[in-house]
Amino acid sequence: MRRSALAGEIGFRLEPLLLDGPPGIGKSSWARALARLLGVEGMVLDATGEQASFGITGLQKGWSGSIIGRPLDLIMRTQGANPIFVIDEIDKAATARSSKDASFGLAEALLPFLEKSSAASWNCPALRLPFDMSWIDWVLTSNDMNVLPDPLTR
């Protein structure tokens, strides 16, 4: 909070966090409690149930099931631009592949959201409109960070 105030930010910004450790030590509970303490909306996405990146980014217009992603949906539903979004067990997220062998991994889909400059001008594939997603605070939990892509572990 002090860093946000010293930087002259108009609100609190949390650097993306990766909470890594054995199961059952309270990583997800801590992230939910953080949202309550800060008085902001929070959402937990169980990565073990996500088969692809579409839950985060949404699905492009033109597909029969075109949808916006969960982070944008949370912002629009709650009208709060600075939620805490928890990706629980990111190390167990599956990667979907298309018939043309295109990869749609959840971990890779997060990268544009975690970098503040790219998140500030993120384009929703479903709505084809730009949104400033840089105010979302991300907390990732993992039981084994060694299986994650390098950018998520730094």
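Reader: What makes Phe85, Phe113, Trp122 and Trp138 a cluster in this predicted model?

Author: Ring pairs link Phe85, Phe113, Trp122 and Trp138. The structure holds three aromatic pairs. One of them joins Phe113 and Trp122, with 4.9 Å from centre to centre and 45° between the planes.

Reader: Why is the pair of Phe113 and Trp138 called tilted?

Author: Two values settle that. A pair of aromatic rings is described by the distance of the centres and the angle of the planes. The centres of Phe113 and Trp138 are 5.7 Å apart, and their planes stand at 55°. Rings pair if their centres lie within 6.5 Å, so 5.7 Å qualifies. Stacked needs under 30 degrees and edge-to-face over 60, so 55° makes the pair tilted.

Reader: Which parts of the chain does this pair link?

Author: Distant ones. Phe113 belongs to helix α5 (residues 106-114), Trp138 to strand β8 (residues 137-142). The two residues are 25 residues apart.

Reader: How do you know whether Phe113 and Trp138 are buried or exposed?

Author: Buried means under 20% relative accessible area. Phe113 has 1%, so Phe113 is buried. Trp138 also has 1%, so Trp138 counts as buried. Trp122 is buried as well.

Reader: What puts the buried residues of α5 on one side of the helix?

Author: The buried residues of α5 are Leu106, Ala107, Ala109, Leu110, Phe113 and Leu114. They cover an arc of only 155° around the axis, so they lie on the same side of α5.

Reader: Why is β8 called largely enclosed?

Author: Six of the six residues of β8 are buried, so the rest of the structure largely encloses this strand. Both faces are covered. Asp137, Val139 and Thr141 are buried on one side, and Trp138, Leu140 and Ser142 on the other. In a regular strand the side chains alternate between the two faces of the sheet.

Reader: How do you know that β8 pairs with β1 and β3?

Author: Two strands pair if there are at least two bridges between them. Four bridges join β1 (residues 17-20) to β8, so these strands pair, and they run parallel. Within that pairing, Leu19 stands opposite Thr141, and Asp20 opposite Ser142. Strand β3 (residues 84-88) also has four bridges to β8, so β3 and β8 pair, again in the parallel sense. There, Val86 has Val139 as its bridge partner.

Reader: What makes β1 and β2 edge strands?

Author: The sheet is open, with four strands in the order β1-β8-β3-β2 and parallel pairing. β1 and β2 (42-46) each have a single partner strand, so one side of each is left without a neighbour in the sheet. The twist averages 20° from one strand to the next.

Reader: How do you know that the charged end of Arg13 is within reach of the ring of Trp135?

Author: The charged end of Arg13 sits over that ring, 3.5 Å from its centre. The distance cut-off is 6 Å, and 3.5 Å is within 6 Å.

How values were computed:
Residues numbered from 1 in each chain as written. Predicted model: local features only at pLDDT ≥ 70, side-chain atom pairs only at ≥ 80, totals over all residues. Heavy atoms only, no water. Phe/Tyr/Trp six-rings, centres within 6.5 Å; stacked < 30°, edge-to-face > 60°. Buried < 20%, exposed > 50% of the residue type's maximum accessible area, 1.4 Å probe, protein only. Lys NZ or Arg CZ within 6 Å of the ring centre and 35° of its normal. Arc of directions from axis to C-beta. Axes fitted to C-alpha atoms, helices over the stretch in contact; angles between N-to-C directions.
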